[in-house]
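Morning, everyone. I have one structure to go through today, so let me put it on the screen.

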Amino acid sequence: MTSPARPSARRIAALLTGFLVLAPAVTGCGGGPTGGEVTSITALDYYTDGTEHTQWGDMLTECGRTVGVRVEQTSVPGASLIPKVLQQASSRTLPDLLMLDNPDLQQIARTGALTPLDGYGIDAGGFARGILSAGTYQGRVYGLAPNVSTVALIYNKDMLTEAGVAVPRTWDELKAAAAALTRPGRYGMAVDANATFEGTWQFLPFLWSNGGDERHLDTPQAAQALQLWVDLVKSGSMSKSVLNWTQADVHDQFVAGRTAMMINGPWRIPALNQDENLHWGVAPVPVPQPGRTPVTPLGGEVWTVPQNPSKTRQEKAARVLACLNSPSNMLTLAQEHYTVPSRTAVAAQHAEEIPSMSAFAESVAAARARTDELGVEWPRAATGIYTAIQSALTGEQTPEVALSHAQQTATGR
């Protein structure tokens with residue numbers, strides 16, 4: 001999925017500043033400087049949902065068995081993970097295996113708390129470029145994601161057929177289709193435009209596919225992307241309530257028949273499948289012009305090996321990490337969680353077996369990591385973007401003015 005709610009960038013930066021002093025003293029939980037026989041290692045993640053926690057626990061257990069260790073899994077709420085990691089760093093109790101939401105990796109890697117994976121002989125071949133970028137800091141890979149996610153256009157097949165509307169592939173087609181599908185009690189289109197990183201996440205496909213760049217938000221390309229959303233709201237094809245909707249709210253509107261199309265992720269598929277009367281399809285996010293490739297953001301988590309005086313513990317953790325990223329385990333995890341395997345060849349196999357994943361797999365091949373351009377400075381840009389969305393969709397500012405302010409937020413000037 002996307003980034004969970006978590007502490008502000010300023011709060012994290014302050015915590016990281018303190019951690020820089022402590023990093024050299026960090027030790028792995030239960031490990032001694034000389035290592036010795038290791039029969040168990042610890043793992044930390046934010047998979048607190050009962051089913052998800054069990055599925056990942058089973059996979060960690062199985063991978064631990066192949067390595068010859070017991071993996072002791074701990075899960076904390078998403079918003080608590082980074083504070084927990086920093087607290088563990090200060091108390092010298094970092095886990096042996098650490099999962100991070102991919103936009104957070106660079107912030108933790110720069111503290112020196114993580115080890116580069118190239119020292120363990122882990123196979124990083126066959127991964128999509130954006131996925132490797134998400135796990136890279138200063139040119140070295142510190143984390144690998146067994147599977148990832150992104151967003152696409154999900155539509156109600158019956159509603160489109162009734163209105164005589166084809167699945168939109170371009171922005172002009174999207175506006176025309178949304179207008180034709182709108183009627184009393186139903187909007188043609190829905191997005192999550194709320195004032196969080198989730199709102200930014202949903203806007204990125206429109207920004208990036210139009211050549212917009214988070215390094216330079218005050219450009220015509222960025223303004224055109226935001227103007228598209230403004231036009232959909234002004235025309236009545238999209239509810240102004242999108243300013244407050246989460247991705248879960250957008251899903252609920254779609255299932256209830258109150259919107260005919262939505263931008264959302266593959267994690268919604270299990271719930272969509274539960275309604276036998278709901279006939280839905282998935283297509284790539286519409287692009288500005290025919291023939292362009294949509295550029296969407298990568299969601300998902302990377303697994304890392306924290307620094308530890310016990311090289312034996314590090315090596316065991318790295319072998320478990322490699323096991324999680326094996327092609328067969330990627331496929332198993334993707335099937336369980338409706339995500340996309342990170343190796344391109346495995347993603348193609350997954351899409352063939354589950355057609356509803358095809359558009360997501362296609363989009364992942366060209367997807368980008370949110371930290372690809374700005375690294376640890378990404379949260380400031382993300383804040384500027386969702387603030388601009390709010391200002392433009394409420395009519396307080398034009399897209400140009402709103403994005404000019406976003407650029408100031410992103411650069412601190």
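A definition before the surface numbers: accessible area here comes from the Shrake-Rupley method with a 1.4 Å probe. By that method, the protein chain exposes about 16000 Å², and carbon and sulfur atoms supply 50% of that area. Please keep in mind that this is a predicted model.

Now the overall build. The protein chain has 17 helices and 12 strands. Its radius of gyration is 22 Å, close to the 22 Å that the globule rule gives for 413 residues, so the chain is as compact as a globular protein of that length. Along the principal axes, the C-alpha atoms fill a box of roughly 70 × 50 × 35 Å.

On to the interior. Of the 413 residues, 58% count as buried; the cut-off for buried is under 20% relative accessible area. If we take contacts between residues at least 6 apart in sequence, 78% of them join residues at least 24 apart.

As for charge, the chain carries 30 positive and 37 negative charges, and their mean positions are 6 Å apart.

Last, one sheet. Strands of a sheet pair through backbone hydrogen bonds, either parallel or antiparallel.

How values were computed. Residues are numbered from 1 along each chain as its sequence is written. This is a predicted model: local features need pLDDT of at least 70, side-chain atom pairs count only at pLDDT 80 or more; totals for chains, interfaces and linings use all residues. Side-chain values use heavy atoms; hydrogens and water are left out. Helices (H or I, at least four residues) and strands (E, at least two) are DSSP runs, numbered from the N terminus. The radius of gyration is taken over C-alpha atoms; the globule rule is 2.2 Å times the number of residues to the power 0.38. Buried means under 20% relative accessible area, exposed over 50%, partly exposed in between (1.4 Å probe, protein chains only). Contact means heavy atoms within 4.5 Å. Lys and Arg count as positive and Asp and Glu as negative; His and the chain ends are not counted. The place of a charge is taken as NZ of Lys, CZ of Arg, CG of Asp or CD of Glu.
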